[in-house]
Amino acid sequence: MKKILLICLVFTFGCTRDSHPDFYGTIKPKHDLNELWINGGNEPQTIDPNKLNGNPEINISTNLFVRLTQTNPKTGEIIPDLATSWDVSADGREYTFHLREDAKWSDGQPLTARDVEYSWKRLIDPKTGSVSSSLADVIENAYGFRTGKKPMKSVAVESLDDHTLWVRLVSPIGYFLGLIEYVAFAPLPTHVIEKLKADGKEDQWTRPENIVVSGAYTLAQENFKQYKIFKKNPKYYRADQVKIATIKSLIIESYNADMNAYRTGQHDWSCCNSLPPEQMELVKTKKDFHVDPYLATYFLMANTTKKPLDNALVRKALSLSIDRKSIVDNIMRGGQTPSRDFAPIGTAGYPGIQSSIYDPVEAKKLLARAGYPEGKGFPKVGFKFNTSEVHKLVAEAIQQMWKSNLGVDIELLNEEWSVFMDSQKSGNFQILRRAWIGDFVDPFSFLNVLASNGSNNKSGWKNKTYDQLMAASNIEQDKTKRFALFQKAEAILADEQPYLPLFFYTRSYMKKPFLRGFWPHFQDRHEWKYMWIDTDWEKNPAPDEPWM
């Protein structure tokens, strides 16, 4: 006891009955046991599954809307959810899904296969403007519809009756069941959206006073840029197994403020922010610190339609002059893997191509060939990043590397999240910080982003050979041949560098020991429906088992 007391006195935050030297923050909940407090990070632009893009938006919507399939949170296996089973044709192209008969919307209306058909076609509809619409190109005639070449009725998705959905694909797609687990494919409340649409208020359907959901929680209250309150949905078909009644999601963008709030018990889990690099050495020793593998790449996106970034020699010079290992070791400090390639090595077994990550000598030669020896005559270029201490440190480091290695001056431009997302979508940037999280566990989820017809390709870069390789990879069934196609595509990216990848992420976060029903997830997707508060966590060290 004397030893523990002495240790406690050493820590700046002291030692109370709610803290312990082995943990960074409080170890007892500051709230009712049927509540969970988290930090959601940024204020989401939208939680409309068809329209969302960023991680804050995805994390919320995933908890509000069910999909046909779901991921077992412990094993990562794709298993039934809204669809109880499915039949697949002999050629692997046609799926017939059989939906639960007890599924309802939170207003009591039945959730039917017609809602699935409606939402999938709304996702593809060019009027929706979804950045995820190209994910549906695997469905027959979806590409034709979203590009205005074919009518909606030609899209091969059809509700055969209230509980049966038929889909035909362009070819056998091995990752299809994992793809439709992504929240962009969640069924939406047709009756609510269409009613508001008739009144010219379609964009208001996700407000607390209008929203109707299918998942375990619904949005009950929101205070812009401060917090959101989510309540358990009693109409959810497995509501009896959901233990937490209320989720309070704070909006704390600052990583240091997030850590202070966690330490004092203002939230139980830093779900959506990275940890401040300057605190990593301290928190690494704590039992409430966690670091997990993460299917995500941190990169810079060049607007290849604007000079001087329309020149591949310039882009490659900028890329090769970045000391990625220094950024990972000295700024990030979370075990990230430096890389100049886009698709994370090991994704579904993919070996990658492992391009060289730093060559300032070659970078100088390339810039000289582009007409800017030692950076002379290089025009003004802006580098945009969203508000974050970590992103600012990374941007400043790269700015200095480009100055010292190439003689190039870059202007740093900071924007808050919603403005930053608008800049990305509209192409209002020259260089822009981005991250990409795989929508499903396959290299195609990364590499197809850069296809000319990709709805998320905002770089302006197009390459016919690359497009052909992507199309071929999506129908190739032999794994070795398919990986070879990916490698040829990545070689083109490494040479032309429309994206400048920096590293493959890990996911570091703080989580209270009393928060149970939580498992590492390759895409950092954690569903609140499995979580619960255990005040006797010290007496119950056994691993949790998810109810499924």
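Colleague: Which term describes H3 and H6 relative to each other?
Modeller: H3 and H6 are oblique to each other. Angles under 35 degrees count as roughly parallel, over 145 as roughly antiparallel, 65 to 115 as roughly perpendicular, and the rest as oblique. Please note that this is a predicted model, in which local features need pLDDT of at least 70 and side-chain atom pairs count only at pLDDT 80 or more, while totals for chains, interfaces and linings use all residues. Residues are numbered from 1 along each chain as its sequence is written, and side-chain values use heavy atoms, with hydrogens and water left out.

Colleague: What are the crossing angle and axis distance for H3 and helix H6?
Modeller: The axes of H3 and helix H6 (residues 190–198) cross at roughly 50° and come within 10 Å. Axes are lines fitted to C-alpha atoms, for helices over the stretch in contact, and angles run from 0 to 180 degrees between N-to-C directions. Helices (H or I, at least four residues) and strands (E, at least two) are DSSP runs, numbered from the N terminus.

Colleague: And which residues make the contact?
Modeller: H3 contributes Arg114, Asp115, Tyr118 and Arg122, and H6 contributes Thr190, Ile193 and Glu194. Contact means heavy atoms within 4.5 Å. The residues of this contact divide into four charged, two nonpolar and one polar. Here Ala, Val, Leu, Ile, Met, Phe, Trp, Tyr, Cys and Pro count as nonpolar, Asp, Glu, Lys and Arg as charged, and the others, Gly among them, as polar.

Colleague: Moving to the sheets, what is the order of the antiparallel one?
Modeller: The order is S4-S5-S7-S6, an open sheet of four strands with antiparallel pairing. Strand S4 (83–88) and strand S6 (157–161) are at the edges with a single partner strand each, so one side of each has no neighbour in the sheet. On average, neighbouring strands are turned by 20° against each other, direction ignored. Two strands pair if DSSP finds at least two bridges between them.

Colleague: How many bridges join S5 to S7?
Modeller: Five bridges join strand S5 (residues 94–99) to strand S7 (residues 164–168), and these strands run antiparallel. In S7, Thr164 is the bridge partner of His98. Helix H3 (residues 113–124) packs on this sheet and touches S5, S6 and S7, its direction making about 170° with that of S6.

Colleague: What about the mixed sheet, and which strands stand at its edges?
Modeller: The mixed sheet is open, with four strands in the order S1-S10-S9-S8. Strand S1 (35–39) and strand S8 (217–223) stand at the edges, each having a single partner strand, so one side of each lacks a neighbour in the sheet. Helix H2 (residues 55–64) packs on the sheet, touching S8 and strand S9 (227–232), and its direction makes about 135° with that of S8.

Colleague: In which sense do S1 and S10 pair?
Modeller: S1 and strand S10 (residues 246–250) pair in the parallel sense over five bridges. Trp37 stands opposite Lys248 in S10.

Colleague: New topic: how many aromatic pairs are there?
Modeller: The count comes to 31 aromatic pairs. Rings of Phe, Tyr and Trp (its six-membered ring) pair if their centres lie within 6.5 Å; planes under 30 degrees apart count as stacked, over 60 as edge-to-face and the rest as tilted. Phe299 and Tyr499 form a stacked pair, 4.5 Å centre to centre with 25° between the planes. This pair links distant parts of the chain, with Phe299 in strand S11 and Tyr499 in strand S16 (residues 499–510), 200 residues apart.

Colleague: Is Phe299 buried or exposed, and what about Tyr499?
Modeller: Phe299 is buried at 1% relative accessibility, and Tyr499 is buried at 3%. Buried means under 20% relative accessible area, exposed over 50%, and partly exposed in between (1.4 Å probe, protein chains only).

Colleague: Why is the pair of Tyr350 and Phe483 edge-to-face?
Modeller: The ring planes of Tyr350 and Phe483 are at 65°, with centres 5.5 Å apart, so the pair is edge-to-face. Tyr350 lies in the loop between S12 and H11, and Phe483 in helix H16 (residues 479–496), so the pair ties together parts 133 residues apart in sequence. Both Tyr350 and Phe483 are buried.

Colleague: Lastly the backbone: where is the cis peptide bond?
Modeller: The cis peptide bond joins Lys307 and Pro308, with omega about 0°. Pro308 is in the loop between strand S11 (289–302) and helix H9 (312–320).

Colleague: What is the phi of Glu374, and where is this residue found?
Modeller: Glu374 is not a glycine, yet has a positive phi of about 55°. Glu374 is found in the loop between helix H11 (360–369) and strand S13 (381–386), and is exposed, with a relative accessible area of 54%.
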